[in-house]
Amino acid sequence: MSMKISNRQVDGVSIVDCSGRITLGEGSVTLRDTVRELLSKGRKKILLNLGEVNYIDSSGIGELVSAFTTVRNQGGELKLLNLTKKVHDLLQITKLYTVFDVKDDEAAAVKSFN
Amino acid sequence: MTKQRVSYTLDSTLETVDNAEQTATRIAAEAGFEEDEVMRISMAVREAAINAVLHGNAYDPGKKVKLDFESTPRDLVITISDQGKGLDMSKIPDPLAPENLLKTSGRGIFLIRSFMDEVHIHPSHSGTEIKLIKHVHGPAVGGKEASP
């Protein structure tokens with residue numbers, strides 16, 4: 001299953017709903033393009049909802065890091081929402097769990113940007 | 001259970017990465033590994049295939065990736081070889097070092113080592129061979145059941 005992505009606005013926060021696989025190739029590029037497009041529109045509060053992401057490889061992890069630093073370098077914030085166990089475990093072993101601001105409740109996550 | 005071996009010679013493409021992962025998933029499941037272990041094995045194979053296609057062969061259509069699975073009652077041994085210049089192990093940074101945490105690449109070998117029981121990397125001027133070993137646990141090895 002390839003990656004599907006859509007985004008919506010909630011109280012000034014762009015929630016990016018991702019599903020499928022964030023892997024080398026199409027999945028990583030789709031995520032990168034989406035984040036760049038949001039930033040180009042001045043939307044710098046981004047919440048990546050990974051609740052339906054069932055697989056991520058090292059390229060996908062790299063893309064999450066890239067999105068995080070790109071948003072931060074433009075004065076914005078990128079947070080993660082609803083990690084699956086697989087993604088959670090990967091972020092734990094790569095020590096990135098402490099780097100990302102990870103949320104498990106959408107409403108609270110949206111409020112945390114303000 | 002007898003020793004079973006299957007080998008593939010694949011192009012240096014993204015499809016090869018997906019094929020390697022899918023084949024590893026199937027063979028690991030057939031070897032009797034549980035779902036979580038199958039996931040770890042297939043992910044390690046995917047990462048090794050990414051290294052072979054991207055960093056080893058650099059998508060060169062004239063270069064191939066060899067994939068070899070050997071399943072025994074004790075182990076699943078997977079060997080992935082490329083025809084690149086040979087991986088320079090000294091240039092692989094520690095992805096857990098604070099200064100490297102926000103790097104966007106360099107986690108593949110680390111993940112492979114995290115998911116497999118043994119990893120042997122043999123770089124040479126004619127390519128890199130990486131051997132991944134997962135031991136079969138449980139009653140199939142040693143023949144001793146856990147006490148009730």
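Tutor: A salt bridge is counted when a side-chain nitrogen of Lys or Arg lies within 4 Å of a carboxyl oxygen of Asp or Glu. The model discussed here is predicted: local features need pLDDT of at least 70, side-chain atom pairs count only at pLDDT 80 or more, and totals for chains, interfaces and linings use all residues. Residues are numbered from 1 along each chain as its sequence is written, chains are lettered from A and ligands numbered from 1 in the order in which they are written, and side-chain values use heavy atoms, with hydrogens and water left out.

Student: How many residues of chain B are in contact with chain A?

Tutor: Contact means heavy atoms within 4.5 Å. On the side of chain A, 24 residues are in contact with chain B, and on the side of chain B the number is 22.

Student: Which three residues supply 30% of the area that chain A buries against chain B?

Tutor: Buried area is the accessible area (1.4 Å probe) that two parts lose on being put together, summed over both. Between them, chain A and chain B bury about 1800 Å², of which 69% is on carbon and sulfur atoms. The three residues that supply 30% of the area on the side of chain A, more than any other three, are A:L24, A:Y55 and A:S58.

Student: Which element gives the most residues to the side of chain A that touches chain B?

Tutor: Between the two chains, three residue pairs are in polar contact, both residues at pLDDT 80 or more; a polar contact is a pair of N or O atoms within 3.5 Å, where within protein one must be able to donate a hydrogen and the other to accept it, and residues adjacent in sequence count only if both atoms are side-chain atoms. Elements are DSSP runs numbered from the N terminus: helices (H or I) have at least four residues and strands (E) at least two. Those of chain A that give two or more residues to this side are β3 (45–56), α2 (58–73) and α3 (85–93). With nine residues, the element that gives the most is α2(A).

Student: How many salt bridges does the rule find across the interface of chain A and chain B?

Tutor: Side chains of opposite charge can pair when their charged atoms come close. Within the whole structure, a search over all chains finds 18 salt bridges. Across the interface of chain A and chain B, the number is two.

Student: Where do B:R46 and A:D57 lie?

Tutor: The side chains of B:R46 and A:D57 meet in a salt bridge (2.8 Å, N to O). This pair joins two chains, because B:R46 lies in helix α2 of chain B and A:D57 in the loop between β3 and α2 of chain A.

Student: Is A:D57 buried or exposed?

Tutor: Buried means under 20% relative accessible area, exposed over 50%, and partly exposed in between (1.4 Å probe, protein chains only). B:R46, at 1% relative accessibility, counts as buried. With a relative accessible area of 0%, A:D57 is likewise buried.

Student: Which residues are linked with A:D57 and B:R46 in a network of salt bridges?

Tutor: The pair of A:D57 and B:R46 belongs to a network of salt bridges.

Student: How many residues apart are B:R5 and B:E70?

Tutor: The side chains of B:R5 and B:E70 meet in a salt bridge (3.7 Å, N to O). The pair links distant parts of the chain, with B:R5 in strand β1 (residues 4–11) and B:E70 in strand β2 (residues 64–71) of chain B; their separation in residues is 65.

Student: Which residues of α3(B) are buried?

Tutor: Helix α3 (residues 108–115) of chain B is mostly covered, with six of its eight residues buried. They pack against α2 and α3 of chain A together with α2 (35–56), β4 (118–124) and β5 (127–135) of chain B. The buried residues are B:G108, B:I109, B:F110, B:L111, B:I112 and B:F115.

Student: In which loop is A:D11 found?

Tutor: Phi of A:D11 is near 50°, a positive value in a residue other than glycine. A:D11 is exposed, with a relative accessible area of 64%. It is found in the loop between β1 (4–10) and β2 (13–22) of chain A.
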